[in-house]
Amino acid sequence: MATEHLSESNFEEKIAQGVVLVDFFATWCGPCKMLSPIIEEINDEKDESFSVYKVDIDACEDIALDYAIMSVPTLIVFKDGQEAARMIGVQPKTEIVNTVRSIVG
């Protein structure tokens with residue numbers, strides 16, 4: 001199942017509870033295109049302990065500004081609406097999953 005894209009209208013609601021991995025990306029970004037299949041795999045293989053979403057920084061400029069997204073891809077793990085971890089650039093799947101799992105507990 002494709003990873004849900006968040007918008008200005010639902011972003012805060014979706015990150016408010018639990019552990020959430022958000023991929024901040026741009027459609028024109030080469031490294032983002034490399035990371036996208038990894039994010040899709042994580043989304044397809046995850047259990048109920050966390051959620052995975054994507055945010056297009058060009059479509060959601062205010063969110064990108066609010067979270068100081070200076071380069072893409074940037075992955076942020078939120079726990080109950082607060083930033084718990086940030087990874088910049090293409091990351092290996094195991095690194096992403098291990099980071100999320102460390103926050104899930």
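Mentor: One term before we start: two strands pair if DSSP finds at least two bridges between them. Also keep in mind that this is a predicted model.
Trainee: OK. In which sense do β4 and β5 pair, and over how many bridges?
Mentor: They pair in the antiparallel sense, over six bridges.
Trainee: Let's zoom out. What's the strand order in the sheet?
Mentor: The sheet is open, with five strands in the order β1-β3-β2-β4-β5, and its pairing is mixed.
Trainee: How do β2 and β3 pair?
Mentor: In the parallel sense: residues 19-25 of β2 and residues 50-56 of β3 are joined over seven bridges. For leucine 21, the bridge partner in β3 is valine 52.
Trainee: Which strands does helix α2 touch?
Mentor: Helix α2, residues 30-45, packs on the sheet and touches β2, β3 and β4 (74-79). Its direction makes about 155 degrees with that of β3.
Trainee: Then which ones does α4 touch?
Mentor: Helix α4, residues 93-104, also packs on the sheet, and it touches β2, β3, β4 and β5. Its direction is at about 165 degrees to that of β5.
Trainee: At what angle do α2 and α4 pack?
Mentor: About 45 degrees, with the axes 10 Å apart. The two helices are therefore oblique to each other, and α2 passes α4 in a right-handed crossing.
Trainee: Which residues make that contact?
Mentor: From α2 you have Leu35, Ile38, Ile39, Glu41, Ile42 and Glu45, and from α4 Lys93, Ile96 and Val97. By class, that contact has six nonpolar residues, three charged ones and no polar ones.
Trainee: Changing topic: how many aromatic pairs are there?
Mentor: The count is five aromatic pairs. Take tyrosine 67 and phenylalanine 78: their ring centres are 5.3 Å apart and their planes are at 85 degrees, so the pair is edge-to-face.
Trainee: Where do those two sit in the chain?
Mentor: Tyrosine 67 is in the loop between α3 (61-66) and β4, while phenylalanine 78 is in strand β4. They're 11 residues apart, and the pair links distant parts of the chain.
Trainee: Which residues does the cis peptide bond join?
Mentor: Valine 72 and proline 73, with omega about 0 degrees. Proline 73 is in the loop between α3 and β4.
Trainee: And what is the phi of alanine 68?
Mentor: Positive, about 50 degrees, although alanine 68 is not a glycine. Alanine 68 is found in the loop between α3 and β4.
Trainee: Why point those out?
Mentor: Because most residues other than glycine have a negative phi, and most peptide bonds are trans.

Conventions: Residues numbered from 1 in each chain as written. Predicted model: local features only at pLDDT ≥ 70, side-chain atom pairs only at ≥ 80, totals over all residues. Heavy atoms only, no water. Helix = DSSP H or I, 4+ residues; strand = E, 2+ residues; numbered from the N terminus. Contact = heavy atoms within 4.5 Å. Axes fitted to C-alpha atoms, helices over the stretch in contact; angles between N-to-C directions. Parallel < 35°, antiparallel > 145°, perpendicular 65-115°, else oblique. Left-handed = near helix turned anticlockwise from the far one by under 90°. Nonpolar A, V, L, I, M, F, W, Y, C, P; charged D, E, K, R; others polar. Phe/Tyr/Trp six-rings, centres within 6.5 Å; stacked < 30°, edge-to-face > 60°.
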